[in-house]
Amino acid sequence: MLKRIILLCGAAITLLLLWFAISNYQASRPIAEETLFGLAHSLHAAIENSALHDPSLHSLSTFHTPDIAYFALVDRKGVYRFHSNPELTGTFVQDKTDLQQFFAEEMVSKRIKLTTGEEAYELINHLHLPSETLGFRIVLHTYRADAVVRRAEFNMLALFSLLIFGWILAFAVFRFTRREEQHKFEMARRESLAQLGEMGAMLAHEIRNPLAGIKGYAQVIGKKPQDERNSGFAERIVTEAHRLEILVSDLLEFARSEQESMVAVDLAEVVSHTADLLRHEAEQFQININCESPATLPLAGNRDSLAQVLLNLGKNAIQAMPDGGTMGITAEVVGKQAIITVSDNGQGISQEELPRIFEPFFTTKARGTGLGLSLCRKIVEEHGGQITVKSTVGQGTSVSITIPVRQRYSKRS
């Protein structure tokens with residue numbers, strides 16, 4: 001859409017500039033004609049004034065300007081009483097049509113071609129003396145008056161050239177940009193395919209291991225249905241099936257595209273409830289849970305999703321402290337943001353692995369799905385928040401979640 005708007009704006013500007021250049025060029029010719037007409041009349045007046053002061057017309061021989069090609073005065077008999085070319089003074093007008101024009105009632109002004117091939121401007125009019133009326137002809141060079149036409153023509157051609165060059169350059173930039181976009185799209189597609197292949201391989205690995213265990217235990221039970229160990233094998237089958245069920249549930253949740261409806265949620269209650277759920281498992285590993293949060297912390301969100309995030313982070317913290325330790329869950333409000341932090345003093349995450357922990361199916365655990373943190377980030381971002389991780393090997397990990405506390409939400413029914 002943006003490219004189309006830019007293209008339309010460029011076309012509109014181009015048409016406007018073309019109209020301006022062409023109209024300026026077309027207007028230059030009338031301006032040149034008016035200039036020549038005015039100049040011819042001014043010279044006619046000057047020559048007439050000189051003739052009035054010198055009826056012998058001798059003073060006209062000194063009347064010269066760069067614009068005059070020649071001028072002449074003719075009496076009614078067709079004799080040149082004066083001509084810029086002294087050799088023609090006193091001769092007769094050869095063309096009777098010219099003689100008629102000299103004494104026609106209407107003035108004649110037009111462009112003519114000289115014998116040299118030069119284009120000139122001719123004005124034929126009357127020159128009134130006290131004793132008689134003479135025919136007056138003046139022929140002017142047009143190169144100075146036509147300078148405005150040449151300038152307008154040059155400007156028009158220059159503008160045409162610049163517009164053509166501009167459109168060629170714009171087309172080249174467009175082609176380059178298009179090729180760059182196609183290249184980026186192709187690289188993104190290849191990267192997506194590579195990630196898909198990697199995810200598929202990891203997913204196949206995660207599914208194959210439980211299936212192999214289920215198949216093996218089922219085969220043992222099938223061969224020896226009365227064996228006393230069958231109850232243990234059946235329990236392991238249930239465990240592996242449960243593991244597959246968790247994997248499928250995480251996949252479905254991760255692939256979910258529609259966003260959950262946002263309602264009023266007390267985040268302090270969610271934090272407290274999650275801490276209570278984790279205490280029993282934490283006590284088995286001699287882990288203390290310190291929970292600090294305000295009495296109430298209202299915001300707009302989805303309670304089950306937020307509880308799932310905190311539960312996943314809490315389980316990760318417990319698994320990072322197999323020899324016991326302390327886990328902290330804190331919630332506070334800073335400005336318009338709610339900040340929840342889950343920390344532990346466990347094994348920590350190496351700096352090489354830290355940038356990849358949010359990648360789907362990336363895990364450092366022997367039996368993990370690698371979707372936990374990816375799912376946590378997805379849920380937090382759906383709430384308009386951010387999730388960050390700080391970790392040091394041997395010292396522990398701290399995961400911080402920042403969520404806006406003021407958002408629109410629908411009332412719980």
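Which residues line the largest cavity? In this predicted model, local features need pLDDT of at least 70 and side-chain atom pairs count only at pLDDT 80 or more, whereas totals for chains, interfaces and linings use all residues. Residues are numbered from 1 along each chain as its sequence is written, and side-chain values use heavy atoms, with hydrogens and water left out.

The structure holds 1 cavity of 30 Å³ or more, a cavity being a set of points, on a 1 Å grid over the protein atoms alone, where a 1.4 Å probe fits but cannot get out. The volume of the largest cavity is about 50 Å³, taken as the space filled by probe spheres set on the points, which are joined across faces, edges and corners. Its lining, made of residues with an atom within 4 Å of a point, consists of Leu-267, Leu-306, Val-309, Leu-310, Ile-340, Val-380, Ile-401 and Ile-403. These divide into 8 nonpolar, no polar and no charged residues, where Ala, Val, Leu, Ile, Met, Phe, Trp, Tyr, Cys and Pro count as nonpolar, Asp, Glu, Lys and Arg as charged, and the others, Gly among them, as polar. Helix H6 (303-319) and strand E12 (396-404) each supply at least two lining residues, and H6 gives the most, with 3. Helices (H or I, at least four residues) and strands (E, at least two) are DSSP runs, numbered from the N terminus.

Aromatic pairs, in which ring centres of Phe, Tyr or Trp (its six-membered ring) lie within 6.5 Å, number 2 in the structure. Phe-63 and Phe-71 form an edge-to-face pair, 6.1 Å centre to centre with 80 degrees between the planes; planes under 30 degrees apart count as stacked, over 60 as edge-to-face and the rest as tilted. Ring pairs link Phe-63, Phe-71 and Phe-82 into a cluster.

Note on methods: On a 1 Å grid over the protein atoms alone, a cavity is a set of points where a 1.4 Å probe fits but cannot get out, and a pocket is an open set with protein on both sides within 12 Å along at least five of seven lines; lining residues have an atom within 4 Å of a point.
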